[in-house]
Amino acid sequence: MRLLRIVPDNTKFRIVHWRRLAYPFSAAYSVLVLVLFLTVGLNFGIDFRGGTLMEMQAKSGKPDIAQVRQTANSFGFGEVEVQEFGSAGDLSMRFALQPGGEIAQQAVVTKARAAFAEAYEFRRVETVGPRVSGELVQAGTLGVVLAIIGVLVYLWFRFEMQLAIGAIVGTMHDIVLTMGFFLITQLEFNLTSIAAILTIVGYSLNETVVVFDRTRELLRRYKTMPIPELLDLSVNSTLSRTAITSTTTILALVALVFFGGTAIEGFALVMLFGVMVCTYSAMFVSTPVLLYLDVRAGRLDQGEELAEAKARV
Amino acid sequence: MLRLQARKVILVLLVLVFGCGLAVPNLFSPETRKAIEQGAPAWIPRFLLPIHAMTLGLDLQGGSHVLLEIDRADLIRSQVTQLRDDVRRILREERVGLQGGIGLTPRGVQLRVPEAADRAKLMPKFRELAQPIGTFGAFGPSGNQSIEVTENPDGLIQLNVTEAGSNERIRRAVEQAMEVLRRRVDALGTTEPNIQRQGLDRILVQVPGLQDPQRLKQILGETAKLQFRMVADANAGDVDMLPSQDQGGQPIPISRQVIVEGEDLIDAQPAFDQRTSQPIVNFRFNIRGAQRFGQATTENLGRQLAIVLDNKVISAPVIQSPITGGSGQISGNFTVESVNNLAILLRAGALPAKMTIVEERTVGPGLGQDSIQAGKMATIIATVLVILYMIGNYGLFGIIASIALLVHVCLILGLMSLLGATMTLPGIAGIVLTIGTAVDSNVLIYERMREESHLGRSLVSALEAGFQRAFATIIDSNVTMLIAAVALFALGSGPVRGFAVVFILGILTTVITAVTLTRMLIALWYRWARPKALPF
């Protein structure tokens with residue numbers, strides 16, 4: 001049996017050279033993300049915006065979306081977003097946060113349940129009050145920031161500051177691009193999205209660390225090789241692994257998108273996009289950043305090299 | 001590294017088989033697990049029995065998650081009122097007159113005592129009101145006082161509830177409220193409700209598999225403070241105007257003096273009035289309540305007695321005859337459902353303060369079941385795709401990676417069962433994701449072997465170098481992932497936390513399977529097949 005070979009042996013792609021293409025592209029995209037963020041904004045779910053979400057399934061199998069919309073809007077709780085989703089006649093209704101605190105939110109649920117309980121089965125009801133949603137925003141942001149700081153410190157100890165900076169630049173890039181995905185698709189941004197972003201942070205670093213691990217090794221081995229060449233070699237020699245791991249991850253996520261059900265579809269889509277971005281950025285963003293940071297300066301004193309040599313014995 | 005020690009192999013296999021075996025109880029029904037636990041001889045330690053299974057999160061088994069917050073302002077207000085009463089009592093006992101009465105401030109009271117001699121009498125008494133805040137135990141008293149008393153030279157005395165004092169009050173109120181809520185939820189007859197404190201002033205109530213979450217909320221949200229008071233003359237002093245439910249919310253004058261309160265009830269049951277067939281609640285008092293109630297009904301024959309629940313008058317019947325037996329009934333504009341709820345509330349007792357629902361998440365059982373099905377489907381398809389792809393790339397070594405992958409998934413499930421962790425929908429997504437990322441360790445090792453072999457090393461040397469060189473990379477890349485996962489665990493809540501648990505366990509098990517199982521399988525292969533080159 002002939003085995004698959006996605007990446008041929010001994011590739012010699014001039015990866016860092018392509019930054020002339022990759023950097024303007026990433027910069028333009030980042031600007032677009034910023035503009036979209038300020039103009040369109042994220043489609044915050046009720047976790048962060050507060051309000052009420054109800055998912056119902058028509059007992060008859062055929063939801064009357066127009067009638068539901070009309071009834072829901074007649075409650076006087078402001079504009080109600082009614083949408084059809086999935087395939088089994090599911091509807092979702094989103095009520096905005098009601099003025100009048102927590103008790104007012106509960107009134108929405110009571111009224112909607114009473115109005116639709118006959119023809120529909122309530123599959124999901126979520127209400128988030130104004131205080132809780134504020135705290136969730138804080139906790140989410142804090143989580144992402146803490147994760148980045150934690151990783152920065154770890155990489156600083158394990159590698160060099162320069163490599164740590166390169167990895168973090170790549171990670172920030174991936175976060176920005178993923179936010180762009182949320183902005184462009186207007187996919188709902190909720191607690192699960194924070195989980196997706198933190199997972200992407202982890203995956204992004206994972207990708208970068210694999211390349212940088214090689215960079216570190218090559219720096220020790222070839223003391224005089226020009227940095228651009230050395231970085232190219234780092235990426236090329238890990239290229240096969242990068243391709244295979246990305247593919248397995250993408251395969252798993254594709255299974256999740258198509259078979260995981262509507263409740264998890266958003267998460268899976270974001271992760272799918274994120275994994276592709278991470279693969280791209282580890283090669284074309286993080287690695288070329290090292291060109292601008294003097295990676296040979298103060299590198300690896302003798303002590304560390306000895307330890308390394310010992311470890312190999 | 002390619003030498004195999006029989007002892008080591010057996011040990012590794014035992015650990016892995018045991019780890020995977022931990023996942024087996026999930027295949028049994030809860031009844032079967034219970035039967036095993038009861039049927040097993042007592043000398044077997046419980047943790048060895050196949051009875052530990054994962055709990056399904058509310059998003060998978062269906063149920064309600066309700067977060068309640070205690071009303072701080074309400075509590076502080078009652079603390080201040082109590083403080084005012086205490087101060088008034090002390091003034092009376094010490095026979096000190098006041099200039100301008102006792103003033104209420106947001107966090108306390110103030111009064112003006114011009115005479116220094118009076119102040120000298122009062123201050124020690126006021127200071128006695130302050131109690132040390134109890135963080136007794138490991139750290140001893142913390143030295144904080146519940147009330148801060150300040151005396152100004154111009155005669156102004158201020159008594160303020162301290163931050164520590166109000167926090168202590170909130171802490172105690174939340175503890176009390178948890179007890180009350182537990183009794184209320186238990187009365188609904190649901191299985192395994194989970195009630196826990198969150199932060200200082202919140203309580204999380206999780207009730208799985210509930211048919212009617214609306215009813216749960218009705219029962220949780222009510223304060224249920226029951227009082228028996230007399231209907232008074234509108235012009236009399238010490239009267240509250242309270243809305244009356246049986247007269248369409250019209251306010252009626254009710255005396256401030258409370259005859260008996262809900263805490264003196266020992267039982268309350270829903271019933272039907274024999275004459276009118278209206279739903280009512282029958283109740284019984286304890287001895288103290290029965291005495292007071294008997295006395296009040298004897299003294300006030302022919303007058304109206306108001307039954308007040310949460311500052312609303314449910315009904316105000318005329319006292320026809322003295323009620324000395326210690327039992328009675330509450331009638332009003334009730335439905336069968338509302339008397340059932342009221343009886344539960346009265347039996348469970350009143351909440352110490354008003355509580356509001358700040359977050360609610362309810363998932364119907366149908367959606368949960370669908371999610372489980374979809375999750376299983378996605379897991380199986382992801383596994384098959386990844387296995388096919390790995391075998392396509394690496395042939396025999398792909399099979400080894402696939403075995404490691406399957407063991408990895410079983411280990412995650414096994415560890416989650418052992419820890420009694422909760423599997424949520426994001427958790428299932430986490431499993432599917434780790435199916436994609438777990439093979440990374442194998443890929444790193446294999447690619448390194450291939451590289452080393454291209455550099456002209458012999459097969460044995462390439463295999464060894466592959467493991468050794470890839471190991472540092474595996475550790476580094478997994479630790480960075482682990483940091484992100486731990487941040488997620490620390491800050492996430494509910495379902496997201498379920499994802500973080502899976503992710504963290506997944507990272508640990510993939511490292512373990514890569515360095516032990518993969519290595520062992522390759523060594524076995526080398527020993528039996530005596531190959532001359534890598535099979536890929």
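Predicted model: local features only at pLDDT ≥ 70, side-chain atom pairs only at ≥ 80, totals over all residues.
**Domains**

Chain A is divided into domain 1, made of residues 16-43 and 133-312, and domain 2, made of residues 51-128. The domain assignment of chain B gives domain 1 (6-61 + 365-529), domain 2 (72-168) and domain 3 (222-360).

| Domain pair | Distance between C-alpha centres |
|---|---|
| Domain 1 and domain 2 of chain A | 40 Å |
| Domain 1 and domain 3 of chain B | 60 Å |

**Contact between the chains**

In the contact between the two chains, 62 residues of chain A meet 62 residues of chain B. On the side of chain A, two or more residues each come from α4 (101-116), β5 (120-128), α5 (130-158), α7 (191-221), α8 (227-259) and α9 (262-292). The most come from α8(A), which gives 14 residues. By class, the side of chain A that touches chain B holds 33 nonpolar, 18 polar and eleven charged residues.

Strand pairing also links the chains: β5(A) is joined by five bridges to strand β17 of chain B, residues 355-363. These two strands run antiparallel. Within β17(B), Val363(B) is the bridge partner of Arg124(A). As background, strands of a sheet pair through backbone hydrogen bonds, in either a parallel or an antiparallel manner.

**Helix packing in chain A**

Helices α5(A) and α7(A) have axes that come within 10 Å and cross at roughly 5°. Angles under 35 degrees count as roughly parallel, and α5(A) and α7(A) are therefore roughly parallel to each other. From α5(A), the contact takes in Leu136(A), Gly140(A), Gly143(A), Val144(A), Ala147(A), Ile148(A) and Val151(A). They meet Leu191(A), Ile194(A), Ile197(A), Leu198(A), Val201(A) and Leu205(A) of α7(A). This contact has eleven nonpolar residues, two polar ones and no charged ones. Both α5(A) and α7(A) are also among the elements that give residues to the side touching chain B.

**A sheet and its helix in chain B**

In chain B, three strands form an open antiparallel sheet in the order β12-β13-β16. Its edge strands, each pairing on one side only, are β12 (265-272) and β16 (327-330). On average, neighbouring strands of this sheet are turned by 25° against each other, direction ignored. Strand β13 (residues 279-285) of chain B and β16(B) are antiparallel and joined by four bridges. Opposite Phe283(B) stands Gly328(B), in β16(B).

Helix α9 of chain B, residues 336-348, packs on this sheet and touches β12 and β13 of chain B. The direction of α9(B) makes about 170° with that of β12(B).

The crossing of α6(B) and α9(B) is right-handed. On the α6(B) side, the contact consists of Val180(B), Arg183(B), Arg184(B) and Ala187(B). Facing them in α9(B) are Ile344(B), Leu345(B), Arg347(B) and Ala348(B). By class, the contact of α6(B) with α9(B) has five nonpolar, no polar and three charged residues.

Technical notes:
Residues numbered from 1 in each chain as written. Chains lettered and ligands numbered in written order. Contact = placed C-beta atoms within 7 Å. Nonpolar A, V, L, I, M, F, W, Y, C, P; charged D, E, K, R; others polar. Pairing = 2+ DSSP bridges. Axes fitted to C-alpha atoms, helices over the stretch in contact; angles between N-to-C directions. Domains from an automatic or database assignment. Left-handed = near helix turned anticlockwise from the far one by under 90°. Parallel < 35°, antiparallel > 145°, perpendicular 65-115°, else oblique.
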